[in-house]
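Biologist: I would like to learn how to read an interface and its aromatic pairs. Could you take me through them?

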Amino acid sequence: MSARAAVIQHLLATGTTLYSLVGTRVYPGRLAEGWNNTTAAVCVDRPGGAPDPLVGVDNGVFSIRCYGGSPLQSAAESVADAVLSRLDRQYSQSTSQGRIVWGRCRQRISSWDPDFERCPVEILLMDVTVD
Amino acid sequence: MSDDVKATYRLKLHEVMERVKNNVEAEIAEAAEDAATLAKALAPKRTGAMAASIHVEKTDGRAILKENFPGAFNEFGTVRQPATPHMLPAALSAKKAVVTAAGQKGLV
């Protein structure tokens with residue numbers, strides 16, 4: 001079981017606002033080679049958290065970078081809103097990679113990416129528990 | 001309960017709250033310094049300037065772990081550069097240390 005795989009699987013679900021924005025462009029760790037800021041995308045990292053063997057869950061801390069595929073911050077914000085609607089305060093969401101017990105947004109940061117000109121990014125710091 | 005007894009309870013409660021606050025503040029300050037050391041060790045280094053900029057600001061019983069401007073790009077990654085988290089793991093370890101110390105030393 002990988003908490004990150006479960007989170008990515010959950011974000012890739014079809015028929016959601018997020019899917020209509022980013023499709024299958026939800027990446028672990030870093031964006032796909034050759035991606036440029038013309039298509040929306042999401043990048044999921046797990047900088048912290050630890051499994052709790054007593055309870056049998058994995059308490060992950062995730063940083064999720066949301067790109068809007070446009071020079072407008074509002075486009076990145078829309079992607080971040082869609083990610084939050086999938087994960088923030090959502091309970092017991094089953095995926096093929098595990099069950100997301102609950103998720104909570106710790107912090108939301110509006111920034112930009114230095115690797116592209118005019119490339120806004122919204123960064124979400126999330127607590128997600130998976131079993 | 002008489003007014004005298006109520007006043008005594010209030011005073012005692014205030015003393016306990018002050019003691020807890022002072023003890024926890026001391027633990028937070030110590031854990032934050034440890035977190036800064038850990039964050040410096042975890043931070044990626046080219047010139048070392050970013051790691052050197054990591055410091056703790058203590059204000060009103062809180063300790064804030066800070067670093068200079070470009071650090072966030074290393075922390076969260078960019079389009080071409082994978083994330084190298086250093087501040088968040090350090091802050092999480094500090095939080096854990098404070099909670100553990102509070103339990104072990106009976107601070108609360």
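**Reading the rings and the interface**

Modeller: Let us begin with one residue: at 46% relative accessibility, A:W112 counts as partly exposed (buried means under 20% relative accessible area, exposed over 50%, partly exposed in between, with a 1.4 Å probe and protein chains only). This is a predicted model, in which local features need pLDDT of at least 70 and side-chain atom pairs count only at pLDDT 80 or more, while totals for chains, interfaces and linings use all residues. Residues are numbered from 1 along each chain as its sequence is written, chains are lettered from A and ligands numbered from 1 in the order in which they are written, and side-chain values use heavy atoms, with hydrogens and water left out.

Biologist: How many aromatic pairs are there over all chains?

Modeller: Rings of Phe, Tyr and Trp (its six-membered ring) pair if their centres lie within 6.5 Å; planes under 30 degrees apart count as stacked, over 60 as edge-to-face and the rest as tilted. Here the search finds five such pairs. In one of them, the ring centres of A:W35 and A:Y67 are 5.0 Å apart and the planes stand at 55°, so this pair is tilted.

Biologist: Which parts does that pair tie together?

Modeller: Helices (H or I, at least four residues) and strands (E, at least two) are DSSP runs, numbered from the N terminus. A:W35 sits in the loop between β1 (26-28) and β2 of chain A and A:Y67 in strand β3 of chain A, so parts 32 residues apart in sequence are tied together. A:W35 is buried at 8% relative accessible area, and A:Y67 is buried at 0%. Ring pairs also link A:W35 and A:Y67 with A:F116 in a cluster.

Biologist: And what kind of pair do A:W112 and B:F73 form?

Modeller: That one is edge-to-face, with 5.5 Å centre to centre and 80° between the planes. A:W112 lies in strand β5 of chain A and B:F73 in helix α3 (residues 71-76) of chain B, so the pair joins two chains. B:F73 is buried, at 13% relative accessible area.

Biologist: How is the size of an interface often given?

Modeller: Often as the accessible area lost when the parts come together; the loss is found with a 1.4 Å probe and summed over both parts. Chain A and chain B bury about 1500 Å² between them, 67% of it on carbon and sulfur atoms. A:R30, A:P47 and A:D115 supply 32% of the area that chain A buries against chain B, more than any other three residues.

Key
Buried area = accessible area lost by both parts, 1.4 Å probe.
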